[in-house]
Amino acid sequence: METRIEIINIMWEDPLTLDDAKKLTGDSDYGVYQCYGDHPVYGPDVLLYIGMALKQTFGKTLERDQFIGKWKKCIQIYLGRIEPKPTSDEAWNDMIARAKNLLLHACIPAYNVRFPDVDRHKELLVLNWGNYRSLLPAVSGYRVIEKSP
């Protein structure tokens, strides 16, 4: 039986302040984001949260995100965009959601409390490009799922 690996490429941008990220409301301002800041147990400048801008732009999503509101004074935000952008919005949304879910399982950020099922992500490979910070350059669904308890 042949295994087909789907590759999702994410291009990560340099950090933005919360105010600058809230200004991103254009047609291509959707994807995954990472938040870094200080944590009382894990220390300074650590990965705190992974979120996604799926049905609303980065700007609108970050405006409403409850986590961001609580910790905004010490946050750096890194935005990740799927490249190349899929031709349909449905495919784009699916890729964003699956990439975020796989990254959550691989990184287990301190302030993410829900970890969706990743069984359908086994044949997924997320490649992180640009300034991906603490993320691994490549995250394999097969590896993440097989190591999970």
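Mentor: A residue is called buried under 20% relative accessible area, exposed over 50% and partly exposed in between, with a 1.4 Å probe and protein chains only. The model is predicted, so local features need pLDDT of at least 70 and side-chain atom pairs 80 or more, while totals for chains, interfaces and linings use all residues. Residues are numbered from 1 along each chain as its sequence is written, and side-chain values use heavy atoms, without hydrogens and water.

Trainee: What share of the 149 residues in the protein is buried?

Mentor: The definition of buried given above applies here. Of the 149 residues in the protein, the buried share is 44%.

Trainee: In which order do the elements of the protein run from the N terminus?

Mentor: Helices (H or I, at least four residues) and strands (E, at least two) are DSSP runs, numbered from the N terminus. The protein has five helices and six strands. Their order is β-α-β-β-α-α-β-α-β-β-α.

Trainee: Which residue in β5 is the bridge partner of N9?

Mentor: Two strands pair if DSSP finds at least two bridges between them. Strand β1 (residues 6–12) and strand β5 (residues 124–130) run parallel and are joined by seven bridges. In β5, the partner of N9 is L127.

Trainee: Which residue in β6 is the bridge partner of V126?

Mentor: β5 and strand β6 (residues 138–140) run antiparallel, with three bridges between them. The partner of V126 in β6 is V139.

Trainee: Why does T61 count as buried?

Mentor: T61 belongs to helix α2 (residues 58–64). Leaving aside residues up to four places away in sequence, T61 touches (heavy atoms within 4.5 Å) Y33, M52, A53 and Q56. T61 counts as buried because its relative accessibility is 12%.
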